[in-house]
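Here is a short briefing on one protein chain. Keep the viewer open as you read.

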Amino acid sequence: MIYVTRDLLTVLRERAANEDPEEVNVRLSATAAGEFETDLGLDPETPVVTHFTLPSVGGSVSSVFGVDLGTPAGEGGARFLSHPDGFLGVSRTDDLAGVVIVAVPPYDDDSVAAFDRSGDGVELGVVDAAPPDESVPE
């Protein structure tokens, strides 16, 4: 199972709808459940997807065979993709990650699913909690 915050999933679905018919492709990052101020009822080490990173400029140089070479090993283990064509799955042309969350039109709660890198479905758990506050170091 992959967990994602409801607020992040809402932002991602809205972005997909706004950019349709273009595809959205963003790297996702997670926060350990134990770092939330609210008890999520999950093991403290369980990753919860909380943030996204915009793609870098020159993606064709940094991405080879669906692997983002600019992502350090062990990071960026999830990705959000939109498929405006309505295919709710993982295709050979998608940038892959350990888990891929895919949204299709009409980009509502019922048009989102999660998959592993081989395209097998993964249960998607939506968490109603905000990630911990962060600040930029001075």
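The points below cover salt bridges, the nonpolar core and surface patches.

This is a predicted model. A search of the whole structure finds three salt bridges. The largest nonpolar core has 18 residues. The surface carries a negative patch and a nonpolar patch.

**Salt bridge R6–D128**
- R6 and D128 meet through their side chains in a salt bridge, at 2.5 Å from N to O.
- This pair links distant parts of the chain, 122 residues apart.
- R6 sits in helix 1 (residues 6–19), while D128 sits in the segment after strand 10.
- R6 counts as partly exposed because its relative accessibility is 34%.
- D128 has 59% relative accessibility, so D128 counts as exposed.

**Salt bridge R13–D109**
- R13 pairs with D109 in a salt bridge, with the closest N and O atoms 3.2 Å apart.
- R13 lies in helix 1 and D109 in the loop between strand 7 (99–103) and strand 8 (112–116), so this bridge ties together parts that are 96 residues apart in sequence.
- Is R13 buried or exposed? R13 counts as buried, because its relative accessibility is 14% and the cut-off for buried is under 20%.
- D109 is exposed, with a relative accessible area of 53%.

**Salt bridge R15–E19**
- E19 forms a salt bridge with R15, and their closest N and O atoms are 2.9 Å apart.
- Both residues lie in helix 1. They are four residues apart, about one turn of the helix.
- E19 is partly exposed, at a relative accessible area of 29%.
- R15 also counts as partly exposed. Its relative accessibility is 23%.

- Nonpolar side chains tend to be buried together in soluble globular proteins.
- Within the core of 18 residues, those with the most contacts are L8, L12, V26, L28, V49, F80 and I101.
- Which elements give two or more residues to this core? They are strand 1 (2–5), helix 1, strand 2 (25–32), strand 6 (78–82), strand 7 and strand 8.
- Helix 1 gives the most, with four residues.

**A78 and V26**
- A78 lies in strand 6.
- A78 counts as buried because its relative accessibility is 7%.
- How far apart are A78 and V26 in sequence, and what is their C-alpha to C-alpha distance? They are 52 residues apart in sequence and 8.9 Å apart in space.
- V26 is also one of the residues with the most contacts inside the core.

**Nonpolar surface patch**
- V11, F52 and L54 form a nonpolar patch on the surface.
- Together they have about 240 Å² of accessible area.
- F52 is found in strand 3 (residues 47–53).
- F52 is partly exposed, with a relative accessible area of 30%.

**Negative surface patch**
- Which residues form the negative surface patch? They are E35, E37, D43, E45, D133 and E134.
- E134 lies in the segment after strand 10 (124–127).
- E134 has 64% relative accessibility, so E134 counts as exposed.

Terms used. Residues are numbered from 1 along each chain as its sequence is written. This is a predicted model: local features need pLDDT of at least 70, side-chain atom pairs count only at pLDDT 80 or more; totals for chains, interfaces and linings use all residues. Side-chain values use heavy atoms; hydrogens and water are left out. Patches are made of residues with over 30% relative accessible area and no salt bridge: like charges are joined within 9 Å, nonpolar side chains (Val, Leu, Ile, Met, Phe, Trp, Tyr) within 5 Å. Accessible areas come from the Shrake-Rupley method with a 1.4 Å probe; for residues, only the protein chains shown count as cover. A salt bridge is a side-chain nitrogen of Lys or Arg within 4 Å of a carboxyl oxygen of Asp or Glu. Lys and Arg count as positive and Asp and Glu as negative; His and the chain ends are not counted. The place of a charge is taken as NZ of Lys, CZ of Arg, CG of Asp or CD of Glu. Buried means under 20% relative accessible area, exposed over 50%, partly exposed in between (1.4 Å probe, protein chains only). A nonpolar core is a set of buried Ala, Val, Leu, Ile, Met, Phe, Trp, Tyr and Cys residues joined through side-chain atoms within 4.5 Å.
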